[in-house]
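Biologist: Can you walk me through this one? I'd like to start with the packing.

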Amino acid sequence: MKKIALSMAAVASVAMAGGDIAPVEPVVEVQNDTPVVAEKSFMDRFHFKNDLRLRYESIERDDKDNKYRNRYRLRLGAKVDLMDNLQLEVGMRSGFANPTSGNQTFHDDEPLKDYFLQSLRFNILGLAYKSGNSTYKVGRQPYMMYRPIKSQLVWDNDVSMNGVNYQYKDDSKIITLGANQPTLEEASVAQDDVNLFLAQYVHKTKLGDAKLNLGTGLYYYDGLKGNTELFGKRKGNTVVNGMYTNDYHIVEGFAEVQLKDVFGMPLKVAAGVVYNFGADDNNFGYDLAVKLGKAKKVGDWQVKYSYTDLEADATLGAYSDSDNFGGGTAANGHAIRAKYKMGSNLYVAGNFFFNTLDASISKTGVEADYERVQLDVIVKF
């Protein structure tokens, strides 16, 4: 515990000391009263985005031993301008290639010098090309689908796509298409290849001072039924002898209302549903959420509440929220997520989950309570 406390204090000190450093602006020369912007240098082609999160976590459940642990997540990312509108995107994340989490647990018998680099794996490695309102991506890239209030009903925050994806975005709509192969993930242990074809449409409407987003998506997995578990765990889905008994042909629908000023802060309200046409039973889920505030400037805060109910085969558990329910499906419950911006690059946050696990995933064969608390310090650099 001393190691963790010292580590968190050091990270916070660095963030406070360096949080107000401003980026260097391009040199501007004036000739004949006409401003001329100097050409970008070689280093101007590199854009870095990194963060470190230190977390204390407790998990208490009726059907299993409780857990209390200190964890970290390190993410290193860069975008390189190869030419106009074409970028190389590269990112690494701790967590030994876990597809939905970069968390790594500290162990009392392991020195600090052995952490941070040992579990890093590439979670982003691809090309991105932009032309007008269109973006084309090839390789391993973060998901491109729109999620109302960052809902994780279908897609966890950390999911990467492995294939070819396209998105068109303007003031009135977002169109996303893709063809991917989840079995290209380093952590995949499925015996046969799995393909994922996706399409999503979001219509955006202005309603006075408010905005309304209506969306629908189709996520068609080919190769899951009769295949072994994608990443070695069923994550709530129905399996027999370690093999999926259903296909996952998922349809999603959602509505989101955004208000700019409620009690002096932005407010968002959203509802989403998911239905799996590849299963005959236990194939429906929904999510209701509200978010107040936005931790954008120093001193700002935000809080989000959501209620989620996912039947066992409503969606692929391997890619849905990895924190709520302990990850996956076959559960329901409440989640509260809060964040406060302490400095230019420093945040504190807390996540609280109060769930009920279905008998199908409980270790005792009957419904079980599941409570999880996460307390975070986050530094961006």
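Predicted model: local features only at pLDDT ≥ 70, side-chain atom pairs only at ≥ 80, totals over all residues.

Biologist: Which residues touch the most other members of the largest nonpolar core?
Modeller: Trp155, Tyr219, Tyr221 and Leu316, out of 33 residues in that core. A nonpolar core here is a set of buried Ala, Val, Leu, Ile, Met, Phe, Trp, Tyr and Cys residues joined through side-chain atoms within 4.5 Å. Buried means under 20% relative accessible area, exposed over 50%, partly exposed in between (1.4 Å probe, protein chains only).

Biologist: What is Trp155 in contact with, beyond its neighbours in sequence?
Modeller: Leaving aside neighbours within four places, Trp155 is in contact (heavy atoms within 4.5 Å) with Met145, Arg147, Met161, Leu196, Tyr219, Tyr221 and Tyr319.

Biologist: Which residues are in the second core?
Modeller: That separate core has 7 residues, including Leu52, Leu54, Phe106 and Leu120.

Biologist: Now Asp158. Buried or exposed?
Modeller: Asp158 is buried, at 13% relative accessible area. Beyond four places in sequence, its contacts are Arg75, Arg93, Pro99, Thr100, Ser101 and Gly102.

Biologist: How far apart are the C-alpha atoms of Asp158 and Ser101?
Modeller: They are separated by 6.1 Å, with the two residues 57 apart along the chain.

How values were computed. Residues numbered from 1 in each chain as written. Heavy atoms only, no water.
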